[in-house]
Amino acid sequence: MIQTEAVTFPDHIHGYPRVAFGGYVAGLLARRSGAETVRVDFRRAVPVGTPIALSAGEPGHTVLVDAEGTLLAQAAPATLDLTPPPAPSWAAASAATDAALTSPKRPVTDCFGCGVECAPGNGLRLFPWAVPDSRLMAAAWTPDPGLADDTGHLPPEIIWSALDCPGGIAAWVHQGMAKGAVTAALTATQLRPAPADTDYIAHAWPIHHEGRKHTVGVALSTRDGDLCAAAEALWVAPRA
């Protein structure tokens, strides 16, 4: 039996203007899926501020469609063959975040994931940048308690959001990905609960790229380096 509900992504949960933040959308679909590891594929831009339909039919499978029935995104159980490199130290991640906030190369935006213009609790405020002498991007991150669910933990929507921007920035810096790229697919798994108002390290690394397609790995760990969640992301750059 197919179960359908209407969902509306609030205006502030965006990456590009008027487009719902990919990691948040993927996390919602993953939570509704219920599978341990989920792949989410994006087919069209998901709008903010507009009711759309979320349907769950076959176990582990969920889809988002717009009012005209156009498929926007779909989730399905998956496997993740990924061995993340060890997380950098908290000091190295903190230095990378400091560098992100002072780099003239880094755009200043209100992106829900990495936007410095987001107020605490209204965005992740997760600021990755390059770790010197490595192929890693990293960020030191202490989530605002306002991002937690009723249990005080970060819900899947926030965990998956934290696995989004670091990968895109890794592809931009280390693979020369053109600006304006989008998350085309995100495959992720969460390994342990993640309380809010706790220190975390997000780090990302390039895997490979071909033409406009860029594949990256992303991980979220505790301050001590214990892995909480991991993902492989496919980013696609715009056509010339």
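**View 1. Phe-9 and Tyr-24, two buried aromatic residues.** In this predicted model, Phe-9 and Tyr-24 are both buried, where buried means under 20% relative accessible area, exposed over 50% and partly exposed in between, with a 1.4 Å probe and protein chains only. The ring centres of Phe-9 and Tyr-24 lie 6.2 Å apart and their planes stand at 85°, so the pair is edge-to-face; rings of Phe, Tyr and Trp (its six-membered ring) pair if their centres lie within 6.5 Å, and planes under 30 degrees apart count as stacked, over 60 as edge-to-face and the rest as tilted. The pair links distant parts of the chain, with Phe-9 in the loop between strand S1 (3-7) and helix H1 (22-33) and Tyr-24 in helix H1, 15 residues apart.

**View 2. The aromatic cluster around this pair.** Phe-9 and Tyr-24 belong to one aromatic cluster together with Phe-21 and Phe-112, and the count by the ring rule comes to five aromatic pairs.

**View 3. Helix H2 and its buried side.** The buried residues of H2 are Trp-90, Ala-93, Ala-96, Thr-97 and Ala-100, and they lie on the same side of the helix because they cover an arc of only 125° around the axis, taken from the directions from the helix axis to the C-beta atoms. Strands S6 (129-130), S7 (137-141) and S9 (200-210) are among the elements that cover these residues, whereas the face turned away carries the exposed residues Ala-91 and Thr-102.

**Notes.** Residues are numbered from 1 along each chain as its sequence is written, and side-chain values use heavy atoms, without hydrogens or water. Local features need pLDDT of at least 70 and side-chain atom pairs count only at pLDDT 80 or more, while totals for chains, interfaces and linings use all residues.

Technical notes. Helix = DSSP H or I, 4+ residues; strand = E, 2+ residues; numbered from the N terminus. Contact = heavy atoms within 4.5 Å.
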